[in-house]
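Please walk me through this structure step by step. I would like to start with the DNA and then move on to the protein chains.

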Protein chains: 2
Amino acid sequence: MKPTVHDIAAHAGVSLATVDRVLNRRPGVKEATRAKVEATIDTLGYVRDVAAANLAKSRIYPLIFILPDNDNSFMRNLHAEVQEAINRSATERTQIQIVAIKAFDAVALVEALDRAREKEPAGVAFVAIEAPEVVAAALRLRAAGIPVVTLVSDLSDARDHYAGIDNIAAGRTAASLLGRFVGVRAGPVAVLAGSMLVRDHKERLEGFKQVMESDFPHLPVMPVLEGRDEPDRAEELVTAAIAAHPYIRGIYSAGAGNRGLMRALKTRTDSARLAVIAHELTETTRRALIEGTIDAVLHQDAGHEVRSAVRVLKAKADGLPVIAAQERIRLDIFLRDNMP
Amino acid sequence: MKPTVHDIAAHAGVSLATVDRVLNRRPGVKEATRAKVEATIDTLGYVRDVAAANLAKSRIYPLIFILPDNDNSFMRNLHAEVQEAINRSATERTQIQIVAIKAFDAVALVEALDRAREKEPAGVAFVAIEAPEVVAAALRLRAAGIPVVTLVSDLSDARDHYAGIDNIAAGRTAASLLGRFVGVRAGPVAVLAGSMLVRDHKERLEGFKQVMESDFPHLPVMPVLEGRDEPDRAEELVTAAIAAHPYIRGIYSAGAGNRGLMRALKTRTDSARLAVIAHELTETTRRALIEGTIDAVLHQDAGHEVRSAVRVLKAKADGLPVIAAQERIRLDIFLRDNMP
DNA sequence: CTGAAAGCGCTTACAG
DNA sequence: CTGAAAGCGCTTACAG
């Protein structure tokens, strides 16, 4: 039989309350007593029943998710997935609040992080912007003992965990696929991103350039087009780029706003095959994959990211370890053939 | 506040025991009482606290995993992942037994399934072999009220859930990548599989042929080489195939035994680039990806599959619904650039 | 510094 | 057919 707190108490000759104090490293236990109880825990091979503990604590986890109000499919989907998590609140003992803020706005993000801290939640998850003041705000949260998880886009060393993909690898993968799909013909390659202020896009570009330069020197990478993840702006930029460079061989869309990219591609008069790699499987990219306008889509599962963020925040709030393998967010590669 | 059984009891004017009977559809409740309680449940919006219920039941889930004793990295890893699940038994309230049987042996599998049934576990997971007698044995389990999950390789309509990838999509994906990587040069393509007795390999081949025939007619698919997932046999078969077809353009390794494939490729004297797609990221395929011998690896995460199987079996045993999106096992595509 | 008792939300014999 | 009471493995005031 699995030993319980009762067994520990009996064997160590103490009360349940004392066992509990030792188990939870609470103060007010004589060192000798603590040692005795810990020895018993070891010899009996006791493992705490977390479910029972939570029940006794009537523990609920108030969590705050700070999300940009970006109007693109990926962000809308991310909101929807957090909403799904809210629907599971009852069974997961969470109480999740969504705070929507202006996209790519570090000031708004800092303000939201500070407001969140005042509410003393069990944890905060947010889509990071790479800026010193954001790092500082995240550190203030952690200093207040509130676990912090970055979602989708990371922030170096200022968080407990990052729930998102490896974006350098994503960029490298995009380059490998694009280079191979183009083949031997030479010509420039365009890159469309949202903003260089967010780390995910910056890292994708970095990885992409690494591989293009080393493996496909006949396909020079043009200066990045910053579309702010807005379809209209993306359309303009890509249309102009295509007009200026008739021998363009491929496009890597590292951000969102692919509806605009699709419209721009339709204006192309050159019949030569253009290799296109984009991010995030949405209605737009799915259709483009089927039609053959896009060759491959790199994707991250927002549902996984949100569920992982919730699990990690709860675990961190309880001071429990995280199963790294289970929380790793994979880079999905979708071709026409393996779409879910 | 979330309503509890106490609230239901009070509002409906019955005892806790009666509420529990209604909640768990146990017999021995007057119809009128049942209706009254159910109405209260609805109006209060009660949701059962599964953790508390399990605690009260002291519920543990005895599960049986039947795995082939195949000596290849993938199967060894699968065993290891089940072992990991066993290590988590205490916290997950499971009690998992591994039954190892001879690979590709339907008789041994049927026997193991029947033995498992006699032990009356809360659920059974197994790597299926496509054969009528296996279907019958699986149905006997289900008839005995024991939930059945197929793992890695499926069995049509004879199980409650399949924890594995979509293998037709895997084959199609392999073809799309292979075809594009080869480019315009014509020549035959070889396929190495384990056995056509298991559905996963059969479906991969099916998907592969579909796309090769429709999209890459200049790359005819040679008759499948059945290596039984044994490295030595795979080496022989591939070496012979390469010798017989000097203009071979690509190889799709749909099964295991890639160590043998690697050895065979080393014997090739022709310097022309050969496109190779294999399955499962192991030490062998990882090294080959880095060296450039293999171009892409299609992969399934055995850890995910095992965790999913455990979750699903527990849920089914409790008559609970399964979150489909969470249990979907994705087809991972690894290039040199995005290996974990 | 330590312990006895009640309680978290459910289920389970047992009695009627 | 129905209910009162004890218990699952923990935690939490409260008292000493």
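In this predicted model, the surface near DNA strand C is made of 14 nonpolar, 7 polar and 5 charged residues. DNA strand C is surrounded by 26 residues, and the closest of them are S15(A), A17(A), A56(A), A53(B) and A56(B). The most comes from α4(B), which gives 5 residues to the surface near DNA strand C.

DNA strand D can be described in the same terms. Around DNA strand D there are 26 residues, of which A53(A), A56(A), S15(B), A17(B) and A56(B) come nearest. Two or more residues of the surface near DNA strand D are given by each of α2 (16–23) and α4 (50–57) of chain A, and by each of α2 (16–23) and α4 (50–57) of chain B. Here α4(A) gives the most, with 5 residues. By class, the surface near DNA strand D holds 14 nonpolar, 7 polar and 5 charged residues.The two protein chains also touch each other. In this contact, 29 residues of chain B meet 29 residues of chain A. On the side of chain B that touches chain A, at least two residues each are supplied by α4, α6 (89–92), α9 (167–182) and β11 (332–334) of chain B. The largest share of that side, 6 residues, comes from α9(B). Sorted by class, the side of chain B that touches chain A has 14 nonpolar, 7 polar and 8 charged residues.

How are the two chains placed relative to each other? Chain B is superposed on chain A by a rotation of 180 degrees with 0.1 Å of shift along its axis, and the RMSD is 0.1 Å. This is the relation of a two-fold axis.

One residue gives a local view of the contact between the chains. N338(B) lies in the segment after β11 of chain B. Is N338(B) buried or exposed? N338(B) counts as buried because it has 25 C-beta neighbours inside 10 Å, and the cut-off for a buried residue is 20 or more. Apart from its neighbours within four places in sequence, N338(B) is in contact with A169(A), T173(A) and L331(A).

Chain A can now be taken as a whole. Its secondary structure comes to 15 helices and 11 strands. The C-alpha trace of chain A spans about 85 × 40 × 35 Å along its principal axes. Of the 340 residues in chain A, 47% are buried. Among the contacts in chain A with a separation of 6 or more, 72% are between residues 24 or more positions apart.

Chain A is divided into three parts: domain 1 (5–48), domain 2 (58–164 + 302–329) and domain 3 (167–299). Domain 2 is written as two stretches of the chain, 58–164 and 302–329. The centres of domain 1 of chain A and domain 3 of chain A, taken over C-alpha atoms, are separated by 60 Å.

The next topic is the strands. Strands of a sheet pair through backbone hydrogen bonds, either parallel or antiparallel. In chain A, 6 strands form an open sheet with mixed pairing, in the order β7-β6-β8-β9-β10-β11. Its edge strands are β7 (225–226) and β11 (332–334) of chain A, each of which pairs on one side only. Strand β6 (residues 189–193) of chain A is joined to β7(A) by 2 bridges, and the two strands run parallel. Within this pairing, A193(A) has E226(A) in β7(A) as its bridge partner.

β1(B) pairs in the parallel sense with strand β2 (residues 94–101) of chain B over 8 bridges. In that pair, Q95(B) in β2(B) is the bridge partner of P62(B). β1(B) also pairs in the parallel sense with strand β3 (residues 123–126) of chain B, over 4 bridges. There, F65(B) stands opposite A125(B) in β3(B).

Conventions:
Residues numbered from 1 in each chain as written. Chains lettered and ligands numbered in written order. Predicted model: local features only at pLDDT ≥ 70, side-chain atom pairs only at ≥ 80, totals over all residues. Near = placed C-beta within 6 Å. Nonpolar A, V, L, I, M, F, W, Y, C, P; charged D, E, K, R; others polar. Contact = placed C-beta atoms within 7 Å. Least-squares fit on C-alpha atoms with pLDDT ≥ 70 in both. Buried ≥ 20, exposed ≤ 12 C-beta atoms within 10 Å, placed from the backbone. Domains from an automatic or database assignment. Pairing = 2+ DSSP bridges.
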